Amino acid sequence: MRLLMIGDVVSQTGCDFLASKLHDIKRRYKIDVTVINGENSASGNGITVHSCDFLTRIGADVITTGNHAFKRRESVQIFDSVPHLLRPANYSDEVCGKGVYTLDMGRCQIAVVNLMGVIYMEPLANPFRTADEILSGIETKNIFVDFHAEATAEKKALGYYLAGRVTGVFGTHTHVQTADEAVIPGGTAYITDVGMTGPEESVLGVNKEIAIEKQRLNYPVRFMEADTPCFINAVIVDFDEKIGKASHIERIIER
């Protein structure tokens, strides 16, 4: 089977561009399952009822998030009502939503796990221990993890920690696609960061002049999304659904 993982979609501009390309990408690469990180899919950041529904309608089988999951007041309503929308599993059980979704494909099941790093991030539960707890309760061998984290060392460590235990570990959050995609020992597809989907000539999706002003002068500014041509960062993984092992991972960039 073949899974497509799309990096953080930024704002309505990124959503619209993805909508214009996703059908062709899925057809061209013969995609069976599509996972999209949608934590920045609303204008500004966060995710709303509208952006969640939009990503679902254009072809997301599972939507993952991260540290912006609860930026919007309507988050409680979304995460408690949309089964295939995930928030990081290492939030407390008292927080709305869940961090694992199992997709029934008929001939097999595919589980998607959403975790968040704790280095330079929110002080959540330890993602390594949380992963252990989650994996003990998943029955399918086909398991993919979106690890939303800042530190590359933390992502690398979790990737190797889960090697042979999951089918794929995909880093998200930095919005910059890394060039270290590999099938690591045990048949686990890995990449430190999938990248982003949105304005390419920008600073992580933000208007570059505004981002420069903020960092050069350390002056309060209002971030606005860049109005430049978009691109899509993603990875494609080939895996054997009978044993839950990956055989190939490929980065793609669509402009």
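The paragraphs below go from the nonpolar cores to the salt bridges and then to a surface patch.

This is a predicted model, in which local features need pLDDT of at least 70 and side-chain atom pairs count only at pLDDT 80 or more, while totals for chains, interfaces and linings use all residues. Residues are numbered from 1 along each chain as its sequence is written, and side-chain values use heavy atoms, with hydrogens and water left out.

In soluble globular proteins, nonpolar side chains tend to be buried together. A nonpolar core is here a set of buried Ala, Val, Leu, Ile, Met, Phe, Trp, Tyr and Cys residues joined through side-chain atoms within 4.5 Å. Buried means under 20% relative accessible area, exposed means over 50%, and partly exposed is in between (1.4 Å probe, protein chains only). The largest nonpolar core has 29 residues, and Leu-4, Ile-6, Leu-18, Ile-36, Leu-55 and Leu-85 have the most contacts inside it. At least two residues of this core come from each of strand E1 (2–6), helix H1 (11–29), helix H2 (49–58), helix H3 (75–81) and strand E12 (230–240). Helices (H or I, at least four residues) and strands (E, at least two) are DSSP runs, numbered from the N terminus. H1 gives the largest share of this core, six residues. There is also a second, separate core of 22 residues, which includes Ile-110, Phe-170, Val-235 and Val-237.

Contact means heavy atoms within 4.5 Å. Apart from neighbours within four places in sequence, the contacts of Leu-4 include Leu-22, Ile-25, Val-33, Val-35, Ala-234 and Ile-252.

Charged side chains come next. A salt bridge is a side-chain nitrogen of Lys or Arg within 4 Å of a carboxyl oxygen of Asp or Glu, and by this rule the count comes to 13. One of them joins Asp-24 and Arg-28 (2.8 Å, N to O). Both residues lie in helix H1, four residues apart, about one turn of the helix. Asp-24 is partly exposed at 30% relative accessible area, and Arg-28 is partly exposed at 38%. Asp-24 and Arg-28 also belong to a network of salt bridges with Arg-27 and Glu-254.

Another salt bridge is formed by Arg-107 and Glu-241 (3.1 Å, N to O). This pair links distant parts of the chain, 134 residues apart: Arg-107 is in the loop between strand E5 (100–104) and strand E6 (109–116), and Glu-241 is in the loop between E12 and E13. Strand E13 covers residues 245–254.

Lys-208 is partly exposed at 28%, and Glu-201 is partly exposed at 45%.

Last comes the surface. Val-118, Ile-119 and Tyr-120 make a nonpolar surface patch of about 310 Å². Patches are made of residues with over 30% relative accessible area and no salt bridge, where like charges are joined within 9 Å and nonpolar side chains (Val, Leu, Ile, Met, Phe, Trp, Tyr) within 5 Å. Accessible areas come from the Shrake-Rupley method with a 1.4 Å probe, and for residues only the protein chains shown count as cover. Val-118 lies in the loop between E6 and helix H4 (127–135).
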